[in-house]
Amino acid sequence: MLESYLITYGLFQKYKSLDPSKVRYLAIVVESEEAHQISEVIKLLHWVADIGVKHVCLYDMEGVLKKSQESIIAECNLLNLEFVSLTDGKEGVVEAANLLFLKYKDGGDKPKFTEPLLDEALGLVGCSGPDPDLLLNYGPARCHLGFPAWRMRYTEIVHMGYLKSKKYGSLIKAIYRFTTIRQNYGT
């Protein structure tokens, strides 16, 4: 906690060299009970904008944030925001599977279902989006809480604790750590 305050007040020089352009797309996952704290979410988004991140996906399982998107967008107009909930993921996969079934049900050859084919189907049903570079999880659980798995192929996940206990310094630290790591993508 002390470190967070020291970062907030600029007493650690290394955090001043933060390059937010390395976080092209940030996902913020909020546990649904905490998602009702819209003012806290807006405060967090203001911090994210101040740091320089431009594109953010907000997710909670029950769609609380999605239902409040008009007020959130009105308060955070500097950010490009996307709102996602658990139903988007489940319904998207079902629609994509149905689309692929209809496309290949009468064909003689059985298709080899590949990642690009599924990505295309998800895009056609409106359930694709960019993979977040970094996912910040706010809440008691150390998991992605149902965030669409197909959008997290190379996503770094950081548990941030409870939303009500958020700290600006902790946000800076998480983004700084992400921007200084080297990601290996295989091969």
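The crossing of helix 6 and helix 7 is right-handed. The model under study is predicted.

**Exercise 1.** Determine the relative orientation of helix 6 and helix 7 and characterise their contact.

*Solution.* 
Step 1. Helix 6 spans residues 86–104 and helix 7 spans residues 115–124; their axes come within 8 Å and cross at roughly 110°.
Step 2. Angles of 65 to 115 degrees count as roughly perpendicular, so helix 6 is roughly perpendicular to helix 7.
Step 3. On the helix 6 side, the contact is formed by G92, V93, A96, L99, L100, K103 and Y104. Helix 7 contributes L117, L118, E120, A121, L122 and L124.
Step 4. Sorted by class, the residues of this contact comprise 10 nonpolar, one polar and two charged.

**Exercise 2.** Carry out the corresponding analysis for helix 3 and helix 8.

*Solution.* 
Step 1. Helix 3 (residues 38–51) packs against helix 8 (residues 168–180) at an angle of about 50°, and the axes are 11 Å apart.
Step 2. The crossing of helix 3 with helix 8 is right-handed.
Step 3. From helix 3, L44, W47, V48 and I51 meet Y168, L171, I172 and I175 of helix 8.
Step 4. The class count for this contact is eight nonpolar, no polar and no charged residues.

**Exercise 3.** Is T179 buried or exposed, and which residues does T179 touch beyond those up to four places away in sequence?

*Solution.* 
Step 1. T179 is located in helix 8.
Step 2. Its relative accessibility is 7%. Because the cut-off for buried is under 20%, T179 counts as buried.
Step 3. With residues up to four places away in sequence set aside, T179 touches L18, D19, K22 and V23.

**Exercise 4.** Locate D133, classify its accessibility and list its contacts beyond neighbours within four places in sequence.

*Solution.* 
Step 1. D133 lies in the loop between helix 7 and strand 4 (134–138).
Step 2. With a relative accessibility of 9%, D133 counts as buried.
Step 3. Excluding neighbours within four places in sequence, D133 is in contact with K22, V23, R24, Y25, Y154, T155, E156 and F178.
Step 4. For the pair D133 and D19, the sequence separation is 114 residues, while the C-alpha to C-alpha distance is 14 Å.

Definitions and conventions
Residues numbered from 1 in each chain as written. Predicted model: local features only at pLDDT ≥ 70, side-chain atom pairs only at ≥ 80, totals over all residues. Heavy atoms only, no water. Axes fitted to C-alpha atoms, helices over the stretch in contact; angles between N-to-C directions. Helix = DSSP H or I, 4+ residues; strand = E, 2+ residues; numbered from the N terminus. Parallel < 35°, antiparallel > 145°, perpendicular 65-115°, else oblique. Left-handed = near helix turned anticlockwise from the far one by under 90°. Contact = heavy atoms within 4.5 Å. Nonpolar A, V, L, I, M, F, W, Y, C, P; charged D, E, K, R; others polar. Buried < 20%, exposed > 50% of the residue type's maximum accessible area, 1.4 Å probe, protein only.
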